[in-house]
Amino acid sequence: MDHFVWNADPVLVSFMGLTVHWYGALFATAIAAGFQVMKKIYQAEGIDVASLDNLLLYCVIGIIVGARLAHCFFYDPSYYFANPMKILAIWEGGLASHGGGLGAILALYYYKRKMGLPFLFLLDRLAIATAIFGFFVRMANFVNSEIIGQPTEKPWGIIFQHVDMVPRHPAQLYEAIAYLLIFILLGFIYKMSNLKQRHGGIFGLFLVLIFSARFAIETVKVSLTAYQESFLTAGQWLSVPFLIVGVVLLSRALMGKDDSPKVKQAKSK
């Protein structure tokens with residue numbers, strides 16, 4: 001069976017000594033897309049759009065620092081403990097999305113202290129933006145032939161020529177498609193239901209959907225850890241706490257009362 005061969009040049013454009021990589025361009029697109037989603041939400045809800053500049057800065061820092069530390073300490077701890085200065089060598093690659101998510105949450109908590117808005121209210125809105133952010137990041141991983149899947153003879157298997165000539169599960173595309181569908185679903189729920197008025201509901205659903213997808217797709221991914229894993233991969237173990245928190249938040253929101261009056265009070269401060 002013939003399989004599609006992927007052999008993309010990681011460099012998007014090179015001009016007069018300036019090189020722009022696809023990964024950087026798509027990562028920037030991910031940030032811009034998330035920012036635009038938050039901007040539309042803020043405008044619709046009458047929240048100061050100018051404050052988004054601070055949120056963008058805090059989240060970018062939180063995502064990069066959190067993703068880097070999670071990769072170092074959960075995927076190859078022995079190497080980075082022996083070479084701590086290598087933790088700073090982010091240009092060598094190595095970002096873990098679980099840590100990036102936690103970093104973004106911590107950044108949002110710092111931001112909310114300045115805004116006077118409920119933390120879960122902000123998380124509900126940021127969850128929608130994060131889903132589209134994740135879509136573009138995983139597409140960047142695909143272009144770079146990163147986070148590849150295990151060998152497969154399925155007709156949709158892809159040969160990543162930069163890695164080898166073995167057809168593999170396009171795990172990056174699985175995740176990208178999942179994140180795009182989750183973004184569409186969350187956007188629909190935000191517009192068409194009252195779940196956004198129950199703090200933590202959309203964020204809880206986001207966690208359940210995102211990390212259920214991650215847990216399932218991990219079964220066809222090539223392990224990124226530098227040590228022998230048990231019956232669950234590192235990515236699956238890291239997904240479990242997020243899944244539990246998501247179930248608790250979603251259940252609490254579905255059984256709770258409308259929180260919208262609190263939001264209006266907070267916005268008037």
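## Helix pairs and a surface patch

The crossing of helices α4 and α5 is right-handed. This description rests on a predicted model. Helix α4 covers residues 97-115 and helix α5 covers residues 119-143. On the α4 side, the contact is made by Ser-97, Ile-105, Leu-108, Tyr-109, Tyr-111 and Lys-112, which meet Phe-119, Leu-122, Leu-123, Leu-126 and Arg-138 in α5. Sorted by class, the residues of this contact are 8 nonpolar, 1 polar and 2 charged.

A second pair is formed by helix α1, residues 22-45, and helix α2, residues 52-74. Here too α1 passes α2 in a right-handed crossing. From α1 come Ile-31, Phe-35, Met-38, Lys-39 and Tyr-42, and they meet Leu-52, Asp-53, Leu-55, Leu-56 and Val-60 in α2. The contact of α1 with α2 has 8 nonpolar and 2 charged residues, with no polar ones.

The table lists the geometry of each pair.

| Helix pair | Angle | Axis distance |
|---|---|---|
| α1 and α2 | about 145 degrees | 11 Å |
| α4 and α5 | roughly 145 degrees | within 11 Å |

Which residues form the nonpolar patch on the surface? They are Leu-57, Ile-61, Val-65, Leu-69, Phe-73, Phe-74 and Phe-81. Together these residues have about 660 Å² of accessible area. The most is given by α2, which supplies 6 residues to the patch. Phe-74, one of the patch residues, lies in helix α2.

Methods:
Residues are numbered from 1 along each chain as its sequence is written. This is a predicted model: local features need pLDDT of at least 70, side-chain atom pairs count only at pLDDT 80 or more; totals for chains, interfaces and linings use all residues. Side-chain values use heavy atoms; hydrogens and water are left out. Axes are lines fitted to C-alpha atoms, for helices over the stretch in contact, and angles run from 0 to 180 degrees between N-to-C directions. Helices (H or I, at least four residues) and strands (E, at least two) are DSSP runs, numbered from the N terminus. A crossing is left-handed if the near helix is turned anticlockwise from the far one by less than a right angle, and right-handed if clockwise. Contact means heavy atoms within 4.5 Å. Ala, Val, Leu, Ile, Met, Phe, Trp, Tyr, Cys and Pro count as nonpolar, Asp, Glu, Lys and Arg as charged, and the others, Gly among them, as polar. Patches are made of residues with over 30% relative accessible area and no salt bridge: like charges are joined within 9 Å, nonpolar side chains (Val, Leu, Ile, Met, Phe, Trp, Tyr) within 5 Å. Accessible areas come from the Shrake-Rupley method with a 1.4 Å probe; for residues, only the protein chains shown count as cover. A salt bridge is a side-chain nitrogen of Lys or Arg within 4 Å of a carboxyl oxygen of Asp or Glu.
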